[in-house]
Every structure is written in structure tokens, then in C-alpha cells.
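Please look over the sequence and the model shown here, and then read on for a short report on a few of its residues.

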Amino acid sequence: MTPLTIAMKKLNPLLSATAAEPLTGVTSEPLSFFLLGATGRTGLPFLLQALARGHFVTIYIRNVSKLPTDVASHPHLRIFTGELHEADKVALSIRAAKPDVMYVMLASENAPYTAISTGTRNTLLALAVLRANAESAMPFISIAAWGLGPTGRYITHTFARMFVGVATKLFWSKPLTDFEIQLAEVEEAKEKGLIRPILILPPMLNNREKTNVYLSGEAGMIKDAMGVTNFVSRGSMAELCLKLGEKVASGEDVPQWIGITNP
């Protein structure tokens, strides 16, 4: 336990938060990951970290040229290309991956603002066919937004509620709508026993260097440390996604709703 973790527990014994500890070295048991959004601002750092850990990653992307040359030729990387709406191609890439964990790291920031829900829907459709007789649910990790699902009631501070309301009205309404569509599809797949979802809820993300001082934990327990105007680097976000994937693949119990913030 790091000094930061100990300090946080002293400040609030109910805060189920863990201070980040860096992943080092190559894992002794490489896993197979399937990733949507590998060329994105969080997806690419995740891909680099996963390959550095020795994992095998299958990605489905639109344009290979967006990948750094040395990454595109990595021996542990398998690349499939196509559009998110091409369900048959998505299914082909998942079938080839035979993943231990699936990741969706898409963003619906541009018109028609449907990338997240489209990618999720076709991934789940493929899983339903490929794993029709599977005995266990597939770990499914995606990045959502603080305020979705049960975390909406955690935004209680007056300024925070005003900030979220204004931001949603001005520029976040369409991406948020797509997140909500994704959430409905994820919950339906969970009820059917198809997936075991883990949804990570950050505050605002930036492109600064990955740090080892962020906190993460079950969203309901970490809510008092969260702030919608806080920032977390995408590199740190990617590292948390990787840690959670390794944990759930090893059989550890991971909550569905995970918060991440800086102390």
C-alpha cells in the first residue's frame, strides 16, 4: 500500500480508492484483447501499454495509416480494417481474436455522433453469435462519462450541476445521447449473460503524461473524491483500463462502475 493510499484511507475510511501503482515489466501470462478505437486519444496509449506488457491485441480500425509504423508491424498486433457499421467485418475480427477481454474506446465527437453505440451494437451482435453456448460472460470494458447510470445522483454540488447542465446543452448533448444508447445496449447484454461490463467514469481527460498519483475505485465509494471539473490524463486512463482487464481476466471481482480521478 502506497503512502498516498494510506493517507486517503485516514482522511475517509469509507473511500474505496486505490492509489495508482505503475505496471512494470512483461506479464507472465499474456492475454488476448479485442479493441475498438485503437487510433483514438485513449485507445492508442492503451494499445501501446498492452503491447509493452506482452499481451496480444486484435484491433478493428478504419485507417491503418493512423497507427505509428513501428506499432503497425508489432508481432503481437493483428489488424482488421473496415467501418463500424460493417457488422460482418466486426464479427470476423472478433472471431479471429478469440479475446479474453473486449474493449470499446470509441468517441462520438463528430457527426453523426453514433460511433460508440454503433461499435458497441455490432460487437455485441457478433458476440451473441460467436458465444451462443459460452458458459461465462465476456469481460467488456468501455469508457463512459461521469453522471451516467447510477452516478448521475452523485453530482450534488450546485456549481458542478450547473457546469454539467451548461456543458451538456452547449456541446455535449449528442455525445451524451450516444453514451446513453450504448448503456442501454450494454445493460441488455448483461441481463442476457453475454457480457460482464466494466464502465469507467472519468472527469475531464487531457493529453498530459501518465501519472502514478490518480485514484480509482468503485464509483459509489469514490464519489466524494470525484469532481466533474477535475482532469485525468488519457495515459493514466489507459493504464487503469489495462489493469482492470488483467484483473477481471484472472478471475478477480471488478465492479461494473469504476471512477478515476486525481486527488
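Predicted model: local features only at pLDDT ≥ 70, side-chain atom pairs only at ≥ 80, totals over all residues.

Tyr113 sits in the loop between S5 and H5, and its phi is positive, at about 60 degrees, although Tyr113 is not a glycine. Most residues other than glycine have a negative phi, and most peptide bonds are trans.

Pro112 is likewise placed in the loop between strand S5 (101-104) and helix H5 (115-130), and the peptide bond that leads from Ala111 to Pro112 is cis, with omega near 10 degrees. Lys98, which lies in the loop between helix H4 (87-97) and S5, has a positive phi near 45 degrees and is a residue other than glycine. With a relative accessibility of 67%, Lys98 counts as exposed.

What is the relative accessible area of Phe140? For Phe140 the value is 0%, so this residue is buried. Phe140 belongs to strand S6, which covers residues 138-143, and, when neighbours within four places in sequence are left aside, the residues in contact with Phe140 include Met102, Val104, Leu124, Val186 and Ile198. The C-alpha atoms of Phe140 and Val186 are 8.9 Å apart, while the two residues are separated by 46 residues along the chain.

The accessibility values are set side by side below.

| Residue | Relative accessible area | Class |
|---|---|---|
| Lys98 | 67% | exposed |
| Phe140 | 0% | buried |

Conventions
Residues numbered from 1 in each chain as written. Heavy atoms only, no water. Helix = DSSP H or I, 4+ residues; strand = E, 2+ residues; numbered from the N terminus. Buried < 20%, exposed > 50% of the residue type's maximum accessible area, 1.4 Å probe, protein only. Contact = heavy atoms within 4.5 Å.
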